[in-house]
Amino acid sequence: MIQWKKPGTILALGMLASFFFFAHASEIIQKTDNEELIKLYTQGLDDRKDWDPTTSLKKIGNRDAEHIERALQLLTEGKVKTTYDFYRMAMLFQHGRTTENYRKANAFAWVAATMKPGDVDLMWLTAATWDRWLMSQGKPQQYGTQYSPVPGTNTYVLKDFDDSVISDSEREKCGIEKAADIQRSYKSGPIFEKEK
């Protein structure tokens, strides 16, 4: 048994161990992200690289459903653990087609945002998943993140938007512009054109 002569030695060693852990925590977390979830997420993004709103949904819908099914299996197996595992889960479910998919996407996004407080990208995803979940129920979005294609064009417009629920300061925390700016764009018609 080791006997320490000075009480400060234990404290110093504890502080050193804590410093080492926190200094390298992001590396440790990053190294433990689920590789299969990374692959599923990347495939979903790759499927959307040459997005054509008139045909792409039909082409990628089945693959999205397969990704969601496998992601749920990984969750059930206890293999979804890190901030970015939950982020990827949220994105996979955000690409689903049902209200239940969007509800789960929002739950996963909130878990990720809670694990890394203050991360604007994670907060934006909580807002986007919330808006999509609301809209899937026929309700207007509240943050102003969801756009839809104008049939026959490469133009997208903001969908129904109720700016009375979420404050501008809350939107700002999520990296979203003020409601008045969103509404001004909404009333003026098409928001942006996707590059060909």
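How many residues apart are Tyr 84 and Tyr 87 in helix α4, and about how many helical turns separate them? Select the two: they sit three residues apart in α4, which puts about one helical turn between them. Keep in mind that this is a predicted model.

Tyr 84 and Tyr 87 make an edge-to-face aromatic pair, with 6.2 Å from centre to centre and 70 degrees between the planes. Tyr 84 is partly exposed, at a relative accessible area of 22%.

Tyr 41 belongs to helix α2 (residues 35-47) and Tyr 87 to helix α4 (residues 83-94), so the pair ties together parts 46 residues apart in sequence. Tyr 41 is buried, with a relative accessible area of 17%. Keep the three selected: Tyr 41, Tyr 84 and Tyr 87 form one aromatic cluster.

Next stop: helix α5 (residues 99-115) and helix α6 (residues 120-136). Their axes run 8 Å apart at an angle of about 160 degrees. That is over 145, so α5 and α6 are roughly antiparallel. The crossing of α5 past α6 is left-handed.

To see the contact, show side chains, including Tyr 102, Ala 109 and Trp 110 on α5 and Leu 122, Thr 129 and Trp 133 on α6. Colour the contact residues by type and you'll get 11 nonpolar, five polar and two charged.

Technical notes
Residues numbered from 1 in each chain as written. Predicted model: local features only at pLDDT ≥ 70, side-chain atom pairs only at ≥ 80, totals over all residues. Heavy atoms only, no water. Axes fitted to C-alpha atoms, helices over the stretch in contact; angles between N-to-C directions. Helix = DSSP H or I, 4+ residues; strand = E, 2+ residues; numbered from the N terminus. Parallel < 35°, antiparallel > 145°, perpendicular 65-115°, else oblique. Left-handed = near helix turned anticlockwise from the far one by under 90°. Contact = heavy atoms within 4.5 Å. Nonpolar A, V, L, I, M, F, W, Y, C, P; charged D, E, K, R; others polar. Buried < 20%, exposed > 50% of the residue type's maximum accessible area, 1.4 Å probe, protein only. Phe/Tyr/Trp six-rings, centres within 6.5 Å; stacked < 30°, edge-to-face > 60°.
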